[in-house]
Amino acid sequence: MANALNLSHETQIRLAVDDALLPSLTSILTVFSSRFPATMLELCAVTTSDVLSLVHTGSADLGLMFCNNEFPQGVDLCYVGSLPFNGVVSPTHPLAKLDVVTATELIPHRQLLIRDIEGQALPHCPILSPHVWWGNNFNTINAMVKEGLGWSFIPAHMAEQYVHQNEMVIMNLSFDHKPWQVPIDRVMAKQQARGPALSWLADAITHLWNE
């Protein structure tokens with residue numbers, strides 16, 4: 001049985017990643033494909049809470065997610081770095097016309113936030129407005145921001161891309177001297193058999209955000 005389990009990890013790895021973190025993995029996956037050409041990779045881009053669930057139930061071997069302030073039994077969490085976030089709006093949104101945006105000025109405008117299908121929201125995104133629309137991933141939120149439907153906090157690399165395309169504006173928030181950082185966790189099941197491919201990928205992800 002042990003040999004069969006090790007073989008399973010050598011021939012296939014199931015990786016669950018929060019969709020906002022997926023672009024950070026491209027360089028690692030390129031190297032992985034060269035080092036382990038015989039290993040099949042199944043990549044699932046989901047919300048952070050779904051990453052934790054997939055690893056906890058054994059549906060994924062390795063996960064990468066935003067820290068959710070939980071310490072569930074059955075999984076090992078490892079802090080690996082952080083990702084900067086920016087507050088953004090469409091260029092046509094009223095907030096885009098302000099040189100500096102205060103928290104008070106955000107409140108009257110619709111806020112766009114992420115939560116999974118079970119209703120669990122990211123704990124790092126405070127609800128500032130009484131007017132909220134929800135999406136289940138950042139691609140959905142970004143589409144609504146670009147249409148001028150509200151404002152949101154999104155990963156800086158996404159914000160920069162859409163600013164370059166003239167589809168978003170990064171707000172100059174009076175309460176953020178620097179882009180705020182959201183911590184990232186690597187998650188794996190406890191007492192999990194790890195072959196060379198899974199061990200290499202887990203270690204590579206651990207050091208991905210090293211300066």
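Predicted model: local features only at pLDDT ≥ 70, side-chain atom pairs only at ≥ 80, totals over all residues.
Trainee: How many helices and strands are in the chain?

Mentor: The chain has 7 helices and 9 strands. Its C-alpha trace spans about 60 × 35 × 30 Å along the principal axes.

Trainee: And what percentage of the residues count as buried?

Mentor: 44% of the 211 residues. Buried means under 20% relative accessible area, exposed means over 50%, and partly exposed is in between, using a 1.4 Å probe and protein chains only.

Trainee: What share of the contacts comes from residues 24 or more positions apart?

Mentor: Such pairs make up 70% of the contacts in the chain with a separation of 6 or more.

Trainee: On to helix 6. Which of its residues are buried?

Mentor: Helix 6 runs over residues 156-164, and its buried residues are Ala156, Met158, Ala159 and Tyr162. They sit on the same side of helix 6 because they cover an arc of only 155° around the axis, the arc being that of the directions from the axis to the C-beta atoms.

Trainee: Why do residues three or four places apart point the same way in an α-helix?

Mentor: Because an α-helix has 3.6 residues a turn.

Trainee: What covers the buried residues of helix 6, and which exposed residues are on the face turned away?

Mentor: The cover includes strand 4 (75-89), helix 5 (138-146), strand 7 (152-155) and strand 8 (169-170). Glu160 and His164 are the exposed residues on the face turned away from the buried side.

Trainee: Now helix 3. Which residues are buried there?

Mentor: In helix 3, residues 48-56, the buried ones are Thr48, Ser49, Val51, Leu52 and Val55. They too are on the same side of their helix, since their arc is only 155° around the axis of helix 3. They pack against strand 1, strand 2 (40-46), strand 3 (62-66), strand 4 and strand 9 (180-189). Gly58, with a positive phi near 85°, follows helix 3.

Trainee: Changing topic: what is the count of salt bridges?

Mentor: The count is 1, where a salt bridge is a side-chain nitrogen of Lys or Arg within 4 Å of a carboxyl oxygen of Asp or Glu. It joins the side chains of Arg14 and Asp61, at 3.0 Å from N to O. Arg14 lies in strand 1 and Asp61 in the loop between helix 3 and strand 3, so the pair ties together parts 47 residues apart in sequence.

Trainee: Is Asp61 buried or exposed?

Mentor: Buried, at 4% relative accessibility, whereas Arg14 is partly exposed at 27%.

Trainee: Where is Asp19 found, and what is its nearest side chain of opposite charge?

Mentor: Asp19 is in the loop between strand 1 (12-18) and helix 2 (26-35). Asp19 is buried yet has no salt bridge, and the nearest opposite charge, Lys146, is 12 Å away. Lys and Arg count as positive, Asp and Glu as negative; His and the chain ends are not counted.

Trainee: What does the side chain of Asp19 reach, then?

Mentor: The backbone nitrogen of Phe138, at 3.2 Å. Leaving out residues up to four places away in sequence, Asp19 touches Ala45, Val46, Asn137, Phe138, Asn139 and Met158; Met158 is one of the buried residues of helix 6.

Trainee: Last one: how many disulfides does a search of the whole structure find?

Mentor: It finds 0, a disulfide being a pair of cysteine sulfur atoms within 2.5 Å. For Cys67, the nearest cysteine sulfur is that of Cys78, 12 Å away. Cys67 is buried at 17% relative accessibility, and Cys78 is partly exposed at 23%.

Key
Residues numbered from 1 in each chain as written. Heavy atoms only, no water. Helix = DSSP H or I, 4+ residues; strand = E, 2+ residues; numbered from the N terminus. Contact = heavy atoms within 4.5 Å. Polar contact = N/O pair within 3.5 Å; in protein donor to acceptor, adjacent residues only side chain to side chain.
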